[in-house]
Amino acid sequence: MGMIKAGAIAKGTYLLEKNEPFVVAEREFVNPGKGSAFVRLKLKNLRSAAVLKVTHKSQDNCEEIDVDEVESQFLYSDGTNYHFMDSTTFDQFEVPMKAHENAQYYMLEGETFKLTRWNEETLDIRLPPKKDLLVAEAEEAVKGDTVTGATKYVITETNLKVKVPIFIKQGEKIRINVESGEYQERIND
Amino acid sequence: MQFKHEAIKERAVMYRGIRDFFDRCGYLEVDTPLLTDSPIPESHIELFQTRRIQPDGTSYPLYLIPSPEIWLKMALASGSSSLFQIGRCFRNGEQMDKWHRNEFTMLEWYGVDKTAGDNLIVMQEIIEVAAGSVNSEAGEEVSGVIRKISMEEAFREFAGFSLESALEESGLSEINRASSGYPSALAEVSDIFRNRLKEKKLPTGEMEKESAADLFHRIFLTFVEEALPADRPLAITHWPAFIPTLARNIPETPWADRWELYIRGVEVANCYGEETDEKLLKKYWEDESPDKTNPDFRWPQLIAGGMPPCSGTAVGLDRLLALVRGDNNLKGLDLFPIHDSMLR
């Protein structure tokens, strides 16, 4: 555990506030009319996913969490927890889905991810910015429907519902922007 | 090097409009130095320092002005009528982000025999001039009628307690900065603020050592500022007089004659009914000077010696231009800024 001045905190910094681990989602500097500089932070709780807004003076000391990055293989999810295996030690461990619900749509069994760990607890699953997924279910395009820009919904192999152009078919691979959950392009392997 | 050609033209139209407006109202445009050997002391502003090298090789420090305030007040004290300036200001140590630059353009005007309330009417006109200078249509949230809300109203509504009661309880409503009981009253109001923060289970940080002004700003920034309505420009009036500024006290009240203007939640301007009392001016210099044991009392003496009752307003013109254009940051609004490549 190290101390960090609030003014040095950046997006992505891991912090301990009220004994709970958080990651900084947004950071904004504010200088009130006549007074010291402050930093406004939007924090995401890494256990509950709840959002906390805090305001610190730039000179305040905050507790920064010293995290480890561990390569781990995603084994499966049981609906409550994700099960991972440390790629170096082969230790298996669980990560509650509650705090990282979004991850279920971007992890395929057997794939390896970087996990942020602190005191035996997994704080964060580092997802790639883009993910290619197979379309598991898609409606057939209606014949004659050639309107440019027409869209429909498909379901990916990870159960993600996503809006795509009308020409996408079942069994094709599509690229998704992980942060927004939006379709980017069709992938031709 | 990227800038928005249209914004460069709009800036020129806006400057011309502001100059025409003040000219019609009988204000004198002045142009004062950017370099000074003795800047106005503001303990929260970091300065850019340079050195004047003399022919014999010795040197002494000079500073880029953080605002033209001191010069404009000196001009008033030496007999000038109402006046204004559009000029560059420099602040070091600022975080470079979407609304902050180290170098920026400030409009500052002083109306003789005017109060902060009078200047709010002028501010509305300036917003109109700015909005009329750009091609895009500014909505109500930018050019609507300025909503006035006092700090007391804002605290009751958004922080859940009466600031006025806190000031009364501590005795701050009765006395001024130069009174002997002032430090203990400040300590008392700090305790009240600390308790309010603790009740709300906020991270207490270094709070025990913090000044009343810092504690006030913690509450203001955490509960009030973000909750303020942004559907129209908004002026927060009647700031607590214990925050050290050069705004005068409204007699018989704990409030300073001061407002700050927000447009779309962004702070754009601030205004004081100006302090002219020599004793209080000197006290301010003493408290805010970097070298508290050796404040430079030349300015407060000169200002108090002849400054008429007046009110001054400072407007960040880069921010105003961005806001009336509908932009969400300062990017591309001026030519060749040093910071664009550093914006995060």
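Thr36(B) stands opposite Tyr63(B), a residue of strand β4 of chain B. This pair belongs to the contact between β2(B), residues 35-36, and β4(B), residues 59-64. The two strands run antiparallel and are joined by two bridges. The model is a predicted one.

On β4(B) a further pairing is found, with strand β3(B), residues 49-53. Five bridges join β3(B) to β4(B), and the direction is again antiparallel. Within this pairing, Ile53(B) faces Ser59(B) of β4(B). The two strands make a hairpin, with five residues between them. Gly57(B) lies in the turn and has a positive phi of about 95°.

Together these strands give an open sheet of three, in the order β2-β4-β3 of chain B. The pairing in this sheet is antiparallel. β2(B) and β3(B) each have a single partner strand, so one side of each is left without a neighbour in the sheet. Strands of a sheet pair through backbone hydrogen bonds, in a parallel or an antiparallel sense.

Chain A holds an open sheet of five strands. The order is β14-β13-β12-β15-β16, with antiparallel pairing. At the edges stand β14(A), residues 161-165, and β16(A), residues 182-187; each pairs on one side only. From one strand to the next, the twist averages 50°.

Two pairings of this sheet can be described in detail. Strand β12(A), residues 130-138, pairs with β13(A), residues 151-156, over three bridges in the antiparallel sense. Here Glu137(A) stands opposite Ile155(A) of β13(A). Strand β15(A), residues 173-177, pairs with β16(A) over five bridges, also antiparallel. Lys173(A) has Ile187(A) in β16(A) as its bridge partner. β15(A) and β16(A) form a hairpin with four residues between them. In its turn, Gly181(A) has a positive phi of about 75°.

The interface between the chains was examined next. 20 residues of chain A are in contact with 24 residues of chain B. The two chains bury about 2100 Å² between them. Of this area, 48% is on carbon and sulfur atoms. On the chain A side, Phe29(A), Lys34(A) and Arg40(A) lose the most area to chain B. These three residues together account for 32% of what that side buries.

Seven residue pairs are in polar contact between chain A and chain B, with both residues at pLDDT 80 or more. Three strands of chain A each supply at least two residues of the side that touches chain B: β3(A), residues 20-30, β4(A), residues 38-45, and β5(A), residues 51-57. The largest share, five residues, comes from β5(A). By class, the residues of this side divide into five nonpolar, seven polar and eight charged.

Salt bridges between chain A and chain B number four. In one contact of this kind, the side chains of Arg218(B) and Asp60(A) meet at 2.8 Å, N to O. Side chains of opposite charge can pair when their charged atoms come close.

Over all chains, the structure holds 33 salt bridges. Another lies within chain B, between Glu29(B) and Arg19(B), where the closest N and O atoms are 2.9 Å apart. This pair links distant parts of the chain. Glu29(B) is in strand β1(B), residues 28-29, whereas Arg19(B) is in helix α1(B), residues 5-24. The two residues are 10 residues apart.

Technical notes:
Residues numbered from 1 in each chain as written. Chains lettered and ligands numbered in written order. Predicted model: local features only at pLDDT ≥ 70, side-chain atom pairs only at ≥ 80, totals over all residues. Heavy atoms only, no water. Pairing = 2+ DSSP bridges. Axes fitted to C-alpha atoms, helices over the stretch in contact; angles between N-to-C directions. Contact = heavy atoms within 4.5 Å. Buried area = accessible area lost by both parts, 1.4 Å probe. Polar contact = N/O pair within 3.5 Å; in protein donor to acceptor, adjacent residues only side chain to side chain. Nonpolar A, V, L, I, M, F, W, Y, C, P; charged D, E, K, R; others polar.
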